[in-house]
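Here is a short briefing for a reader who is meeting this structure for the first time. Have the sequence and the model open as you read.

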Amino acid sequence: RPGEQKHSKEPSSLQCMHLAVVACGDRLEETLIMLKSAVLFSNRRLCFHIFAEDSLKPEFEKKLKEWPSSYTKKFEFNIYPITFSVGNAQEWKKLFKPCAAQRLFLPVILKDVDSLLYVDTDVLFLRPIDDIWHILKEFNSTQLAAMAPEHEIPKIGWYSRFARHPYYGTTGVNSGVMLMNLTRIRNTQFKNSMMPSGLTWEEMLYPLYQKYKNYITWGDQDLLNIIFYFNPECLYVFPCQWNYRPDHCMYGSNCKGAEEEGVSILHGNRGVYHDDKQPTFKALYEVIRDFPFEDNLFQSLYYPLQSKFLDTVHTLCGRIPQVFLKQIEKTMKKVYENRVIVYLGANHRY
């Protein structure tokens, strides 16, 4: 099977949870804070696949190597140039945000990787990646990717109101957090609106773009929605707490899973980490950004977060601080308990 030979030579990669991100323009800091949140809480080893413009590569290498050894030993990373295997590279680069279309080509480029989690640069992990990684085991025999709905309520969802192209389900899906079984993607023939016979993932991308380019607004996310409209059996839909965005609270609270379990992955789209429109999102970003690696998580991360949230209770998102705090508190308790167990010299894990 694809990737098997490489895995047999490099057993450590089998133990890796693979995380991919695409960074262009001014997204260096955002990407580093996302990677930091991943490393802070995760248990298993991480393999980062960073796709970046050439000008950003030295900065990524420099910054990641500056992290304390107690954290750098938890991950390995590779930095790749921005490349598109089919079609016109300049067209792909201009599709929606700079270089965002790169995510469509991950199955083609990372041929030796079986599965990975792709996230946008403006994502923050509030619990271990291990927990979303386990969802791969929940895929049935036809599912090869997982995403969250774009919205929970069709009447206020973007796709259900404005889309001029096919989209998945009743509200479409958001591609900012996307779990992928790359082996299955590479081996599948996809139904489509262009040919009666199936096409491979790579064969399909450019003709699909050419057919719908005058109708799509959100670039590669729209293309993914079109693909899974024609191949709904291939998609696993995970709940909104795994891709929690301002839309889930700025129109009133409409992510029941987050209300019950807390936010698992925060997605600060609309630039909310860098303006004052959603101060709750900005507070989380700044606290993780400013957290000194070796400090106590409760003292230097959780308590400052609680304090900052007090200033946001007048906002729609800020009035439900427990939604943002529940998972991060639970995760920190587990981290603390694990460290106590290690400190006491326990010879097995729970």
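Is the disulfide of cysteine 249 and cysteine 317 right-handed or left-handed? The torsion about its S-S bond is about 85°, so this disulfide is right-handed. Keep in mind that the model is predicted.

**Disulfides**

- The count of disulfides comes to 3.
- Cysteine 249 and cysteine 317 make one of them, with sulfur atoms 2.0 Å apart. Cysteine 249 sits in the loop between β8 and α13, while cysteine 317 sits in the loop between α15 (297–309) and α16 (321–343), so the link ties together parts that are 68 residues apart in sequence. Cysteine 249 and cysteine 317 are buried.
- Cysteine 16 is joined to cysteine 47, at an S to S distance of 1.8 Å. This pair links distant parts of the chain, 31 residues apart. Cysteine 16 belongs to the loop between α2 (11–14) and β1 (17–23), and cysteine 47 belongs to strand β2 (residues 46–52). The torsion about the S-S bond of cysteine 16 and cysteine 47 is about 65°, so the disulfide is right-handed. Cysteine 16 and cysteine 47 are buried.
- Cysteine 240 and cysteine 255 form a disulfide, with 2.1 Å between their sulfur atoms. Both cysteine 240 and cysteine 255 lie in the loop between β8 and α13, 15 residues apart. With 100° about the S-S bond, the link of cysteine 240 and cysteine 255 is right-handed. Cysteine 240 is buried, as is cysteine 255.
- Is cysteine 234 buried or exposed? Its relative accessible area is 4%, so cysteine 234 counts as buried.

**Salt bridges**

- The count of salt bridges comes to 15.
- Arginine 103 and aspartate 220 meet through their side chains in a salt bridge, 2.4 Å from N to O. Arginine 103 is in the loop between α6 (89–93) and α7 (106–109), and aspartate 220 is in helix α12 (residues 220–230), so this pair ties together parts that are 117 residues apart in sequence. Arginine 103 and aspartate 220 are both buried.
- Glutamate 30 and arginine 27 also form a salt bridge, at 3.0 Å from N to O. Glutamate 30 has 6% relative accessibility, so glutamate 30 counts as buried. Arginine 27 has 23% relative accessibility, so arginine 27 counts as partly exposed.
- A network of salt bridges links Asp26, Arg27 and Glu30.
- Glutamate 259 pairs with lysine 256 in a salt bridge, with the closest N and O atoms 4.0 Å apart. Both residues lie in helix α13 (residues 256–261), 3 residues apart, or about one turn of the helix. Glutamate 259 is partly exposed, with 32% relative accessibility. Lysine 256 is exposed, with a relative accessible area of 55%.

**Helix α12**

- How many of the 11 residues of α12 are buried? The number is 9, and α12 is mostly covered.
- The buried residues of α12 include Asp220, Gln221 and Asp222. Among them are also Leu223, Leu224, Asn225, Ile226, Ile227 and Phe228.

- Where is asparagine 231 found? Asparagine 231 is in the loop between α12 and β8.
- Asparagine 231 has 1% relative accessibility, so asparagine 231 counts as buried.
- Its side chain reaches the backbone oxygen of isoleucine 227 at 2.9 Å.
- Neighbours within four places in sequence aside, asparagine 231 is in contact with Phe190 and Lys191.

**Aromatic rings**

- The whole structure holds 20 aromatic pairs.
- One aromatic cluster is formed by Phe48, Trp67, Tyr71, Phe75, Phe77 and Phe293.
- Which residue lies over the face of phenylalanine 293? Lysine 36 does, at 4.9 Å from the ring centre.

Methods
Residues numbered from 1 in each chain as written. Predicted model: local features only at pLDDT ≥ 70, side-chain atom pairs only at ≥ 80, totals over all residues. Heavy atoms only, no water. Buried < 20%, exposed > 50% of the residue type's maximum accessible area, 1.4 Å probe, protein only. Helix = DSSP H or I, 4+ residues; strand = E, 2+ residues; numbered from the N terminus. Phe/Tyr/Trp six-rings, centres within 6.5 Å; stacked < 30°, edge-to-face > 60°. Lys NZ or Arg CZ within 6 Å of the ring centre and 35° of its normal. Disulfide = S-S within 2.5 Å. Polar contact = N/O pair within 3.5 Å; in protein donor to acceptor, adjacent residues only side chain to side chain. Contact = heavy atoms within 4.5 Å.
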